[in-house]
Amino acid sequence: MNIDRPGVSEPRLAAALDELRNLSTPPPRPPAVAAARAALHRALEDRSGPAGGRLRPRLGGLGLALAMVSIMVGAGGTLAFAAHARPSSPLHGIRLAEERVIYDLAGKNRPSVGAGFAQSRLADARANVDRKDSLAEAETWLKEASTTPSADRAGDAGQKLEEVTREVNQEQQNEVQSGESSPTSPAARPGPTTTPGAEGRPGSGEPSRPSPTEGPDRTSPNNGPNNGSDRSPSSKP
Amino acid sequence: MSSPPAFPLGPTVEDAAKGDGAAWDRLFDRFHPVVYRYALARTGNQSVAEEIAQDVFVAAVKGVRGLRERSQPGVEGWFIRIARFKVADWARRKAREAQTVAPQETFFDPSETAITNLAAAEVRRAMESLTDEQQDVVVRRFVLDQSLEEVARSTGRRVGAVKALQHRALATLARHLDAESTAG
């Protein structure tokens with residue numbers, strides 16, 4: 001043994017190291033060895049169990065990446081579907097929440113963004129996609145956009161807001177007229193009504209159902225019922 | 001240094017990594033004695049050493065996929081590294097218990113590798129005066145008979161660093177033994 005001894009008390013140190021070596025010579029007791037082997041095999045079985053280590057290594061880096069991508073694609077797909085969900089769809093709440101987030105983050109562009117959402121609902125209504133609800137949501141968005149600071153509503157944004165408001169009002173009037181021709185239609189009820197929840201914010205969970213007689217038409221001088229909508233008759237419900 | 005294995009280590013480690021029980025049996029037969037001996041030299045207690053050796057193999061099953069070594073010294077060094085961590089855990093537990101439990105009269109079970117004579121007790125006390133790193137090097141060098149190069153490779157140090165560590169450990173041991181003999 002090539003011990004690099006420091007030169008202090010050499011014989012005593014050598015004796016101590018020999019003693020240390022002797023202390024470590026007795027073999028382990030057979031029951032302890034058997035227990036250790038059994039524990040090893042138990043650990044091996046645990047690892048290869050259904051929820052054990054085999055699953056994770058098999059998954060590996062690539063598998064994990066694929067799983068993540070699947071989740072993201074799934075979530076993205078859900079959002080994409082939800083982006084066009086009709087009011088009667090279970091995914092409509094996600095659409096409202098998405099729009100609410102976009103609107104809240106839009107800052108000075110809120111009038112334009114709100115008008116865009118209203119325009120999208122108007123298109124739904126014209127395509128007879130839950131027409132009444134779509135119109136109601138369009139109006140709610142317009143109402144929301146009209147409460148933004150007037151400075152934000154200057155220029156193109158204000159113009160767009162007014163245009164969409166005019167079109168929505170026209171569409172609502174058409175809706176009322178068609179309701180009057182059908183006595184069973186709830187829209188044919190006489191007199192101005194204020195639907196409960198009309199003041200609700202779009203995207204706040206429960207879609208609001210504003211009355212056609214309320215909304216942006218009262219806040220804008222250009223929102224009269226016959227103010228130049230050139231919607232084709234073919235789009236009537 | 002222990003004798004080389006009678007089986008090809010590389011394929012055995014690969015089979016073990018796949019969960020092959022027979023491969024693990026071969027690794028156990030080959031390295032359990034070394035691990036146990038290391039633990040016994042570090043702790044001085046047969047029961048504790050047996051328990052640590054068992055824990056080392058359970059931990060090895062969980063960590064074998066990270067084992068890149070396929071050589072005898074590499075695999076042995078890997079097992080000893082795990083054993084070193086287990087010994088450190090045990091030492092921490094022991095220190096905590098010593099703080100919380102009132103000191104009792106020392107009792108040695110004669111069936112164990114007990115410290116039954118003064119020389120052995122002196123050696124144990126002297127070993128406990130070393131740091132974990134110093135004890136590790138002393139046991140590897142003078143109990144497991146590993147070369148400086150093997151210790152260096154297994155512990156990730158340079159040979160010169162291992163030599164210096166060993167030198168300091170032996171100097172501390174010698175000082176401690178001198179002080180014991182003077183006091184005695």
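How does R126(A) count at 26% relative accessibility, buried or partly exposed? Some friendly notes follow.

1. This is a predicted model, where local features need pLDDT of at least 70, side-chain atom pairs count only at pLDDT 80 or more, and totals for chains, interfaces and linings use all residues. Residues are numbered from 1 along each chain as its sequence is written, chains are lettered from A in the order in which they are written, and side-chain values use heavy atoms, with hydrogens and water left out.

2. R126(A) counts as partly exposed because its relative accessibility is 26%; buried means under 20% relative accessible area, exposed over 50%, and partly exposed in between (1.4 Å probe, protein chains only). R126(A) meets E167(A) in a salt bridge at 3.0 Å, N to O, the term meaning a side-chain nitrogen of Lys or Arg within 4 Å of a carboxyl oxygen of Asp or Glu. E167(A) lies in helix 7 (residues 156–180) of chain A and R126(A) in helix 5 (residues 110–126) of chain A, so the pair ties together parts 41 residues apart in sequence. Helices are DSSP runs (H or I, at least four residues), numbered from the N terminus.

3. E99(A) bridges to R95(A), with the closest N and O atoms 3.4 Å apart, and both residues are buried. D104(A) pairs with R100(A) at 3.1 Å between the closest N and O atoms; here D104(A) is partly exposed at 33% relative accessibility, whereas R100(A) is buried at 8%.

4. Just after helix 4 of chain A, G107(A) has a positive phi of about 60°.

How values were computed. Helices (H or I, at least four residues) and strands (E, at least two) are DSSP runs, numbered from the N terminus.
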